[in-house]
Amino acid sequence: MFLDEGFGTLDPETLRTVTDAIEQLAGDGRLVGVITHVPELAEQFPRVEVQKSPRGSRLQVVPV
């Protein structure tokens, strides 16, 4: 499951609720991907960062 989020307007408590729900989904053996620009959310999960350059894009896996 991939979520292309709109979580940037959430308050910290609601963002924590969202994080807990995503962790619960992933804990049930599902693969959950979140497309986010919210640093507080991205820092909670292992992630793949895309870095663009004139020569092409590069992926970097960032652990928690």
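Q: What does the pLDDT say about the protein, and where is confidence lowest and highest?

A: Where pLDDT is low, predicted coordinates should not be read in detail. Here the protein averages a pLDDT of 89. A score of at least 70 is reached by 100% of the residues. Confidence is lowest in strand E1 (residues 2-4), with a mean of 83. It is highest in E4, at 93.

Q: How many salt bridges are there?

A: The idea comes first. Side chains of opposite charge can pair when their charged atoms come close. In this model the count is 3 salt bridges. Arg-16 pairs with Asp-20 at 2.7 Å, N to O. Glu-23 pairs with Arg-16 at 3.7 Å. Glu-49 pairs with Arg-47 at 3.1 Å. Through shared partners, Arg-16, Asp-20 and Glu-23 form one network.

Q: How are Arg-16 and Asp-20 placed in helix H1?

A: They are separated by about one helical turn, because they sit 4 residues apart in helix H1.

Q: Which way do E3 and strand E4 run, and how many bridges join them?

A: A general point on strands: in a regular strand, side chains alternate between the two faces of the sheet. In this case, E3 and E4 (residues 56-62) run antiparallel, joined by 7 bridges. A hairpin links E3 to E4 through 2 residues.

Q: What is the volume of the largest pocket, and which residues lie nearest its centre?

A: Its volume is about 530 Å³. The lining has 19 residues. Nearest the centre are Gly-33, Val-34, Pro-46, Arg-47 and Val-48. Arg-47 is also the salt-bridge partner of Glu-49.

Q: Which elements give two or more residues to that lining?

A: They are helix H1 (12-27), strand E2 (33-35), helix H2 (39-42) and strand E3 (47-53). E3 gives the most, with 4 residues.

Q: What classes of residue make up the lining of the largest pocket?

A: By class, 13 are nonpolar, 3 are polar and 3 are charged.

Note on methods
Residues are numbered from 1 along each chain as its sequence is written. This is a predicted model: local features need pLDDT of at least 70, side-chain atom pairs count only at pLDDT 80 or more; totals for chains, interfaces and linings use all residues. Side-chain values use heavy atoms; hydrogens and water are left out. On a 1 Å grid over the protein atoms alone, a cavity is a set of points where a 1.4 Å probe fits but cannot get out, and a pocket is an open set with protein on both sides within 12 Å along at least five of seven lines; lining residues have an atom within 4 Å of a point. Grid points are joined across faces, edges and corners, and a volume is the space filled by probe spheres set on the points. Ala, Val, Leu, Ile, Met, Phe, Trp, Tyr, Cys and Pro count as nonpolar, Asp, Glu, Lys and Arg as charged, and the others, Gly among them, as polar. Two strands pair if DSSP finds at least two bridges between them. pLDDT is the predictor's confidence in each residue, from 0 to 100. A salt bridge is a side-chain nitrogen of Lys or Arg within 4 Å of a carboxyl oxygen of Asp or Glu.
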